[in-house]
Amino acid sequence: MSDNEIISNDELMPIDSNDEESNDSEEESSIKSQKDVGNLTNKKWTDRERVLLLCSRGSVARTRHLVNDLKRLMPHVRSEAKYGKSKSMADDLNEMSELANCTKCLYFESRKGRDVYMWISHIDGGPSAKFLVRNLHSMNELNMIGNCLKGSRPILSFDPKFDEKPHLNIIKALLLNVFKTPNYHPKSQPFIDHVFNFALTVDENIWFRNYQIIDEKENELQEIGPRFVLQLIRIFDGSFCGSVLYDNPEYLSPNHFRRQLKLQKATEFRLKKEQKEEQEIKEEIIREVKLDDPIGEIFNTKGDDEEEENKEEDEIEEKKNNNKNSQKAKTLRRKILKGRIKKKKSKSVKK
């Protein structure tokens, strides 16, 4: 081939310098825009409170599922491995939350594989509250129709009774600081599509429910889950420790309830046993009593009369034999006792 026939690479793949410059400028502009958005969100994200969420070792499957549900619903949460029980629980949890750069802590403690307790604490000097968790149900267990976006911000709805008493005000502040999603949080989405409802009963139990907002105008809601009931035990001055600010007088431990049930079952069993014994005694008394036959011996045959007479004679003979045997036994005992006494006397005389 001649030099004229050779085709250069420039002719095969023509490159425009203007296109390269435009692509580079687009990439730079996109990076700058992302940085600007990040800077704006960082500037607007002023409430930088984080919550440490964890549970204790040996917790039931329901508590683990509840913790996972709360992780999905609360983007400002930082999870931690299961915490083993120890005497220095307060110091350990405070240190763990400080290392995770968290200002609040939500800790689920399980005991005996069936009792679940929830701690809500403000790490920087308290206060903290301890609750007993009852009627716990996770999202998968309920299978509700409602749904919400992952990371969306919720509306916190509190019962107006929370403002009536001072200890309820403290609980409201703790729940609000823990369950609220900070505005412009990087992991949150700019949507409000569900409601966290904290309802208060007559005996001051807190019912937690999560609802989807279907229609804002008609106030139509649909439950999503999870759901649980909180019974207040104590409010402490410090974080997981300190002086007791409030002690619930109506609180009874689950062990007390179980003990009452056992005592109730024991009393029921005792009553049944006594009734059975009384019935047996009555039946024996009825058997011993011989009622006169109103018909008499009209339908009795000779064989029946002879059998009855033989039975009576046998019974009389057995009684006589028993009496004789008892008399013989008594005489033998007397003789043995007399022999022992004589031996003792003879020994004493020899001495």
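**Backbone and surface details**

Tutor: Val 289 has a relative accessibility of 48% and therefore counts as partly exposed, where buried means under 20% relative accessible area, exposed means over 50% and partly exposed lies in between, with a 1.4 Å probe and protein chains only. This is a predicted model, in which local features need pLDDT of at least 70 and side-chain atom pairs count only at pLDDT 80 or more, while totals for chains, interfaces and linings use all residues. Residues are numbered from 1 along each chain as its sequence is written, and side-chain values use heavy atoms, with hydrogens and water left out.

Student: Where is Val 289 found?
Tutor: Val 289 belongs to a nonpolar surface patch that it makes with Ile 281, Ile 285 and Leu 291. As for its place in the chain, Val 289 is found in the loop between α7 (254–288) and α8 (302–350).

Student: Which residues does Lys 187 touch, not counting residues up to four places away in sequence?
Tutor: Lys 187 lies in the loop between α6 and β7, and at 61% relative accessibility it counts as exposed. Its C-alpha atom is separated by 5.8 Å from that of a residue 112 residues apart along the chain. With contact meaning heavy atoms within 4.5 Å, the residues that Lys 187 touches are Pro 75 and Gly 151.

Student: What is the phi of Tyr 184?
Tutor: Most residues other than glycine have a negative phi. Tyr 184, found in the loop between α6 (166–179) and β7 (189–200), is partly exposed, with a relative accessible area of 38%. Although Tyr 184 is not a glycine, its phi is positive, at about 60°.

Student: What is omega for the peptide bond from Gly 126 to Pro 127?
Tutor: Most peptide bonds are trans. Pro 127 lies in the loop between β4 (115–122) and β5 (128–137), with strands taken as DSSP runs (E, at least two residues) and helices as runs of H or I of at least four, numbered from the N terminus. The bond from Gly 126 to Pro 127 is cis, with omega near 5°.

Terms used. Patches are made of residues with over 30% relative accessible area and no salt bridge: like charges are joined within 9 Å, nonpolar side chains (Val, Leu, Ile, Met, Phe, Trp, Tyr) within 5 Å. Accessible areas come from the Shrake-Rupley method with a 1.4 Å probe; for residues, only the protein chains shown count as cover. A salt bridge is a side-chain nitrogen of Lys or Arg within 4 Å of a carboxyl oxygen of Asp or Glu.
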